[in-house]
Amino acid sequence: MPEVLKAPLVVEFPFTRSLGPVQSAFLTGLRERVVLGVKTGDGRTLVPPVEYDPVTSEEIRDLVEVAPTGTVTTWAWNHAPRRGQPLDTPFAWVLVRLDGADTSLLHALDATGPDAVHTGMRVRIRWAEERSGAITDIACFEPYDSVETPEPAGHDGRFEDMVTGIVAPARLDYTYSPGRAQSGYINALSDRRIVGERCPSCRKVYVPPRGACPTCGVATVEEVEVGPGGTVTTYCIVNIKAKNLDIEVPYVYGHIALDGADLALHGRIGGIPYDQVRMGLRVEPVWTDGGRYPDHYRPTGEPDADYETYKELV
Amino acid sequence: MSKEPVAVVGIGQTKHVAARRDVSIAGLVREAAQRALDDAELTWADIDAVVIGKAPDFFEGVMMPELYLADALGAVGKPMLRVHTAGSVGGSTALVATNLIAGRVHGTVLTLAYEKQSESNAMWGLSLPIPFQQPLLAGAGGFFAPHVRAYMRRTAAPDTVGSLVAYKDRRNALKNPYAHLHEHDITLEKVQASPMLWDPIRYSETCPSSDGACAMVLTDRVGAARSPRPAAWLHGGAMRSEPTMFAGKDCVSPQAGKDCAADVYQQAGITDPRREIDAVEMYVPFSWYEPMWLENLGFAAEGEGWKLTESGVTELDGDLPVNMSGGVLSTNPIGASGMIRFAEAALQVRGQAGEHQVDGVRRALGHAYGGGSQFFSMWLVGAEPPAS
Ligand SMILES: [Zn+2]
């Protein structure tokens, strides 16, 4: 069996988040080196704060300041920090119950090794030098040996110039594989051949093949070469330029039923003014050197296909 | 044993807008849920379970809303479920909640769907750069536009039908205080003069990008008897799916949509939907989908849906009003849009739709679809309890 293709796929987006009143105060506080919790109906102080009481479901807005010192309630050693984590040398993930709080905050503890960390140890916040109103304004925690507990100043959570939104970048790193059937299809494209697979049950030819027939639920293995000619079954004219696409507008995005295929694939129609493309137009692929797929499809010059011959494929 | 009848006794929506920067996602869903509870005159303690739906995760970057939103929705100590079915999710979420009551698992369930499109980018979410694939298209409009062209070819509908739908829905939205778009100076000429984005779809024939949430309180007979306002009663509900692409798929009128509608009508004892259903809220993100779904849902024969639109039957004062609320064309927090259709259908039979209320609605259909026309969910609600 030929090798299955693989390639890295990075999915990455800077999502934004509106904070609402409680998170807004909490993150603005961090910018000002003030840690805020919220009081619940039963008198507990939650840090980090939430907007709704986990017991009564009532809206809670009573913010109180807690100390920058606290106690580790549990921890795990991180041997190999990854990109974007709080420290780039090995550190402990810790849950810290800050003095004055009834719940624990997840963060990083800068320690020399796992032997230097224990549940119950005293720690304090190490503030980041540059603070913007984000959880990273706490650079990390560090061991705190003094018996003194700094008294919070009693801040009520009202600040000048509140932070109201943050950017929360998300990134997922995948190794993508199109699988056996599509790898065969893609490899054949490099030889300027378009191959599909026929379902052993319904006999339909799938291009591109997925390795199984979605209607019958059975594996497909019989390779069938289709095209190169085909018929435009329907299309649209794209007039808006997408940020991530290097195609000049207007262009025609078409559904093309290649001769011998039982469903249309999608491609760009070129070699003809965009406003002269029509349903039934006969086309063929145009290849470019080194391309993984046809660059576009162009008219063959044959007469248009009769609607009756392709209407089942629309 | 027969199913427990299900009643909608509380409905709440946010005012849908382009960006709700004043609230977190938790604050947004809370607002809709609180309004639904207020409408039902119930408290958080009266809710037995919560069923939540939202748009696909890439759209918003929130992977586990059920975890993050449990406290905002009063779900602590209660069952909480999350439902996924792309754009139809608001409808299927409501149906999952419905089934919990019909099956007598719970007495009163809060169901909610939301999306904050302003914190994400749906076009990006729909156009991930898949290796080895030719990047050709971005967003949903280009995906659906060829199907619209196929509909126009198949039915010989005049080019103007799409603009009639958009003009109608935008005017209906002016009567709905919760709708996102309030285009007070809208004219048919403006719709028809708006630029072609994905020819044959014009700018004014596309849905906006909205932040919003919609919630409903569903309950059993005992709960309905305590309701301070009229209930909407479930007469039928169904979901169907099919692959995005397969040989023989009818992209203009998918079989799964026809089967879903047939199931709902059978449950409700409806044999002639055009005569027996008084109003419809259907999922029309691009204007031409109104005539397409009119056929798919059995309100018109194949090839005839556009005639209902063109002759004014689907206008607010027509014989079969469609999208009285202004529809998806006027409000589209994608994850919530299906539930808004279901809720608006319920508002009509409860007589609670305000300025966009249609007189005498006894039975109304709520419809949602999602993915590449592959998920369908629908419910039919009535002013009277179902005949047992
Ligand atoms: Zn098959």
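This is a predicted model: local features need pLDDT of at least 70, side-chain atom pairs count only at pLDDT 80 or more; totals for chains, interfaces and linings use all residues.
Local features were considered at pLDDT of at least 70 and side-chain atom pairs only at pLDDT 80 or more, whereas totals for chains, interfaces and linings use all residues; side-chain values rest on heavy atoms, without hydrogens and water. Residues are numbered from 1 along each chain as its sequence is written, and chains are lettered from A and ligands numbered from 1 in the order in which they are written.

Chain B and chain A bury about 4800 Å² between them, 63% of it on carbon and sulfur atoms (buried area being the accessible area, 1.4 Å probe, that two parts lose on being put together, summed over both). Glu119(B), Phe132(B) and Leu136(B) supply 16% of the area that chain B buries against chain A, more than any other three residues. The contact (heavy atoms within 4.5 Å) takes 57 residues from chain B and 59 from chain A. One salt bridge is counted between the chains (a side-chain nitrogen of Lys or Arg within 4 Å of a carboxyl oxygen of Asp or Glu). Glu119(B) forms this salt bridge with Arg17(A), with the closest N and O atoms 3.3 Å apart. On the side of chain B that touches chain A, the largest share, eight residues, comes from H6(B) (helices, H or I, at least four residues, and strands, E, at least two, are DSSP runs numbered from the N terminus).

The zinc ion has as protein donors the SG atoms of Cys199(A), Cys202(A), Cys213(A) and Cys216(A), lying 2.2 to 2.3 Å from it (donors are N, O and S atoms within 2.8 Å of the metal, or 3.2 Å for Na, K and Ca; water is not among the atoms, so sites may look incomplete). The site is tetrahedral, with angles of 104 to 113° among its four donor atoms (for four donors, all angles between 85 and 135 degrees). Along the chain the donors follow the spacing C-x2-C-x10-C-x2-C. Both Cys199(A) and Cys213(A) are buried (under 20% relative accessible area, 1.4 Å probe, protein chains only).

Ser183(A) lies in helix H2 (residues 179-190) of chain A and is buried, with a relative accessible area of 2%. A polar atom of its side chain lies 2.9 Å from the backbone nitrogen of Leu5(A).

In chain B, eight of the eight residues of helix H12 (residues 289-296) are buried, among them Trp293(B). The elements covering them include helix H6 (140-155) and strand S10 (363-370) of chain B. H12(B) is followed by Gly298(B), whose phi is positive, near 85°.

How values were computed:
Buried means under 20% relative accessible area, exposed over 50%, partly exposed in between (1.4 Å probe, protein chains only). A polar contact is a pair of N or O atoms within 3.5 Å; within protein, one must be able to donate a hydrogen and the other to accept it, and residues adjacent in sequence count only if both atoms are side-chain atoms. Four donors count as tetrahedral if all angles lie between 85 and 135 degrees; four count as square planar and six as octahedral if opposite donors are over 155 degrees apart and all others between 65 and 115; anything else is irregular.
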